[in-house]
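Please look through this predicted model with the text below as a guide.

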Amino acid sequence: MSRPAPAGQQPPSGLHADRVGRRADGRLIVDGVTLAPQPGETIGLLGPNGSGKSTLLRLLAGVLAPSAGVVTLDGRPLPQIGRRATARRVATVEQHADTQTELTVRDVVALGRIPHRRAWSAASPTDTRAVAAALERTGLTDRADQTWHTLSGGERQRTQIARALAQEPRELLLDEPTNHLDIQHQLELLDLIAALPVTTVIALHDLNLAAMYCDRLLVLQAGRAVAEGTPTDVLTPSLIEEVYGVHADVSHEPGHPVIRYLRRVTEPSNGPA
C-alpha cells in the first residue's frame with residue numbers, strides 16, 4: 001500500500017518503485033527493490049542473467065503486479081491510474097519484437113498512438129504528426145514504407161524506439177536493446193537513446209556501455225539491489241567479482257570508468273529472471 005505524502009508536501013513526480021517484490025512459482029524473483037529516477041535521468045540496470053532486470057522493468061511498466069511494495073507514477077499506484085493512462089506516460093522496448101503481419105515501418109511506429117486513440121477511430125492529425133516526428137528523430141523517415149521483415153536488426157530496434165517515442169512518453173523502459181547488434185549499431189542506438197528528452201531505465205549487459213551512457217546504475221543480484229550510484233562509484237573490481245564472478249581491472253577515463261576483464265573466478269549465484 002502506498003503512503004500518502006505528508007501534509008503540505010507534493011507527491012513524488014515520475015515513476016518510482018518502492019521496495020517492490022515479485023514471486024513466481026513460489027520463488028522470489030525481485031526482492032525489495034527501490035528505484036526513483038530523477039526527471040531526464042538515464043538509469044542502467046545491471047546484473048547477470050537471472051538477476052531480475054527484466055522482471056523489474058515489467059513491474060515498472062505495470063505489465064506485472066508486485067507481490068510486495070508499490071510502483072507509483074506521480075505518487076499514485078499504477079493500478080489506480082490504469083493501463084491505458086500509464087501507457088500514455090510510460091513506453092517500453094522489449095528485447096525481441098516480431099510480427100507475422102506485413103507491416104511497414106510507419107505501421108509499427110503508429111502502434112505507439114494506440115493509447116491516445118479511441119477504439120476503432122481513425123488517426124488524427126496529432127497522431128500523424130507524432131508518428132512523423134518519431135520517424136524523423138530515429139532517422140527512419142526514408143524507411144517509413146519499407147516492410148518490417150526487410151529491416152536489419154539495428155533498424156528493427158530503431159523502429160521499436162520510434163514506436164515508443166510516438167507514444168510521447170515521459171518515461172522510457174528498455175530491456176537489453178543492444179542485444180544481437182554489432183558495436184557500431186550498439187553505439188548508434190545508445191547515442192540516440194541518450195539524446196532523448198525522457199527519463200530512461202535501461203537494462204544492459206555490457207558494463208562499459210553502461211558506464212559510458214548511464215547517469216546512475218542499479219546492480220541486481222538474485223533479485224536484490226546490491227549497489228546503486230554513479231558508474232564510477234559502482235563499477236569497482238570488488239563489485240564485479242562479487243556479482244559477475246570475474247576479476248576485472250577498472251581504470252578511469254575522463255567522464256567514466258573503463259573495465260578490462262582478466263579472468264573468470266566462479267559462477268555467481270542467481271535466481272530466475
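Six strands form an open sheet in the order β6-β7-β8-β3-β9-β10, and their pairing is mixed. Its edges are β6 (90-93) and β10 (224-229), each of which pairs on one side only. On average, neighbouring strands of this sheet are turned by 15 degrees against each other, direction ignored.

V93 has L174 in β7 as its bridge partner. Helix α1 (residues 53-61) packs on the sheet, where it touches β3 (42-46), β6, β7, β8 (199-203) and β9 (216-221). The direction of α1 makes about 155 degrees with that of β7. Helix α6 (residues 153-166) lies across β6 and β7 and runs at about 170 degrees to β6.

Turning to side chains, the model has twelve salt bridges. One of them joins D31 and R224, with an N to O distance of 2.6 Å. D31 is in strand β2 (residues 27-35) and R224 in strand β10, 193 residues apart, so this pair links distant parts of the chain. D31 is partly exposed, at 24% relative accessible area, while R224 is exposed, at 52%.

R216 and E41 form another salt bridge, their closest N and O atoms being 2.7 Å apart. Because R216 lies in strand β9 and E41 in the loop between β2 and β3, the pair ties together parts that are 175 residues apart in sequence. R216 is buried at 17% relative accessibility, and E41 is buried at 11%.

Technical notes: Residues numbered from 1 in each chain as written. Predicted model: local features only at pLDDT ≥ 70, side-chain atom pairs only at ≥ 80, totals over all residues. Heavy atoms only, no water. Pairing = 2+ DSSP bridges. Helix = DSSP H or I, 4+ residues; strand = E, 2+ residues; numbered from the N terminus. Axes fitted to C-alpha atoms, helices over the stretch in contact; angles between N-to-C directions. Contact = heavy atoms within 4.5 Å. Salt bridge = Lys/Arg side-chain N within 4 Å of Asp/Glu carboxyl O. Buried < 20%, exposed > 50% of the residue type's maximum accessible area, 1.4 Å probe, protein only.
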